[in-house]
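Subject: Structure handover

Hello,

Here is the structure you are taking over. My notes follow it.

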Amino acid sequence: MGDTMKILIIITRFAKGAYTYDKNSTEKNYTYMVPLGLPYISAFLKKNGYDVTILNLNHLEGKVQDLIRDELSKNQYNIIFTGGVSIYFPDLRDYVQYIREDSPDSKIVIGGGIISAQPEIMYSLLKPDFIVIGEGELTALELMQCIEKNGDPSKVDGIGYTENGNLVLTKPRKPIIDLDALPYPDLEGMGFDEFLDHTLPTFIVYDTVDFPRPYPLLASRSCPFACTFCFHTIGNKYRQRSIKSIIDEIKYAVRKYKVNIIHLEDELFAYDKERALEFCKQVKEFTDTVPYKIYFNLSLRVDCADEQILDALKSIGCTLIGLGLESFSLTVLNSMKKHTSPEQIERILQMIAEKGLAGQGSFIFGDPAETFETATETLDFYNNHQDIIRGGITLGFVVPFQGSPLYKYCVEKGIIKDEIEFIEKRSQEGYPFFEPMNLTRMSDSEFEKLKDRVFTAAFTTGYFSIPISSESVNGVNEIQIRCPYCNQVSVLKNINYPKRFEFQQIGCRHCNGKFRMVTPYYPAMRFIFKILGFNRINSLKKTFDRIRNVGSNERKIGIT
């Protein structure tokens, strides 16, 4: 039966900037983290006999509307799946419009975090035919079978649809327990070889090698913790694949795609210590047989690691370890329900540095419990411990993402007064990283002072180095640069020299420390930034932008 239905899966063209959307953009974009949700659904549907095509908009040149129209003109699809997280609301809204115009008979199904976080609101705003809430593989298959047989959608768990003008939400889908039974994600269908051929070592988890070929791997699903700023799109039931299943996929990826970086996207590596050690043992047994070096990147909680774990990780070529840091104030950590402590943070960073590895994470300010005093605790630690931070920690402000307890707090307290207005505003302006919301009890003037301190520290703290040389060798750019940590010189290929006032975060090939590759202009710019502070620099930039825009508009209408 499956061969009678044609399915299109649309993968969103991810923004090159920070949460911005430009419907008129025509650029290809290979600088994205590979999404696994839709490729998993594609693989599962194909395994069950369905004809599935993936339209990966990132790999195509032209306006999104034209690309979708062209695909729909070539093929008649019965069902079109798409989805993503909440920041891609404007993209998905436009996709629905384009599909309605060019293929009105196709059924549109949207899933992902954007739906699971706010099913009722997003259904009303996006107006698809069906929504998928939670894990998508079994739900997508049962929905396909239901549509094919003209069956009763109320019998399909985990979906929403309209009946007599009203939204009907069926009962929640139970989590998939046997993750080993799922096929590997359909990366081939989304053009994974093309992605690998265009991946540059400019992303912090890819800078270990000159020509990175990273493979994203999901070894478990969900998380048993309930941090207030986080939302688990597939529920809180934590499940793990067997080690054999994971190792088999790694072998498959290495043999099929010649990958040299395995990026474990799990949140909780080492949650089960014995399992983590056995995984490292079996990984090393395999990678020792591969004729080239394979590196690993992964994430763990600061309370789930010790020297034995770090030694095991180093033995398999793990150079960068993602950490859930968030704050160095116990008051804020408790408010966030992190169940970790500042002492554990300092201890793990110290151990990582001693092992010649690098930690990666963020300190995010602005939790409702944040005060000037708690923020100072975190900033003091950040400013005074760059030797163990080793360039891997960023500074920013907490974001009330839809579906999270923090978002619900903002709604309850009236910080977000109108959810639809909030969503629409973000769709027009993107997420204003440098204009965070004040979720604290601080006055707006106090919050502005905190913002100034945080962003000034972010721009003026940390190690940097100016390249010794930069030249093209056989058509490949090659840079020599001295590490500010170990004083060794690294030769970096396939990476561009930064522009005048910009920088590129890179890693030392000897000690793995992360630092900024900068131009000779950077030290002076950093000094000025430190003297004036972020707020004054930002205000001057806005003034110059307004003047430039006025001048540009005047020229357009012939005033000058």
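In which helix is isoleucine 531 found? Isoleucine 531 belongs to helix α18, which covers residues 522–532. Please keep in mind throughout that this is a predicted model.

Isoleucine 531 has a relative accessibility of 58%, and over 50% is what counts as exposed. Together with Phe527 and Ile528, Ile531 makes up a nonpolar patch on the surface. The accessible area of these three residues together is about 340 Å².

Lysine 174 sits in the loop that runs between β7 (166–169) and α7 (192–197). Its relative accessible area is 69%, so lysine 174 is exposed. Between lysine 174 and threonine 12 there are 27 Å in space, taken from C-alpha to C-alpha, and the two are 162 residues apart in sequence.

Serine 220 is part of strand β9, residues 220–221. Is serine 220 buried or exposed? With a relative accessibility of 5%, serine 220 counts as buried, because the cut-off for buried is under 20%. Setting aside neighbours within four places in sequence, its contacts are Leu179, Tyr238, Arg239, Gln240 and Asp266.

The largest nonpolar core holds 113 residues. Leu45, Ile250, Phe279, Phe296, Leu313 and Ile321 have the most contacts inside this core. Helix α8 (residues 243–257) supplies the largest share of the core, with seven residues. Apart from this core lies another one, of 39 residues, which includes Leu8, Leu67, Tyr77 and Leu126.

As for Phe296, residues up to four places away in sequence are not counted in what follows. On that basis phenylalanine 296 touches, among others, Ile250, Ile262, Leu264, Phe279 and Val283. Its contacts also include Thr287, Ile316, Gly317, Cys318, Thr319 and Leu320.

Last, helix α2, which spans residues 64–74. Val64, Leu67, Ile68, Glu71 and Leu72 are the buried residues of α2. Viewed down the helix axis, these buried residues fall within an arc of 125 degrees, so they line one face of α2. An α-helix has 3.6 residues a turn, so residues three or four places apart point the same way. The cover over the buried residues of α2 includes β1 (6–11), β2 (51–56), β3 (79–83) and α3 (89–102). On the other side of α2, Ser73 and Lys74 are exposed.

Regards

Methods
Residues numbered from 1 in each chain as written. Predicted model: local features only at pLDDT ≥ 70, side-chain atom pairs only at ≥ 80, totals over all residues. Heavy atoms only, no water. Buried < 20%, exposed > 50% of the residue type's maximum accessible area, 1.4 Å probe, protein only. Helix = DSSP H or I, 4+ residues; strand = E, 2+ residues; numbered from the N terminus. Arc of directions from axis to C-beta. Contact = heavy atoms within 4.5 Å. Patch = residues over 30% accessible without salt bridge, like charges linked within 9 Å, V, L, I, M, F, W, Y side chains within 5 Å. Areas by Shrake-Rupley, 256 points an atom, 1.4 Å probe, with all protein chains shown as cover. Salt bridge = Lys/Arg side-chain N within 4 Å of Asp/Glu carboxyl O. Core = buried A, V, L, I, M, F, W, Y, C linked by side-chain atoms within 4.5 Å.
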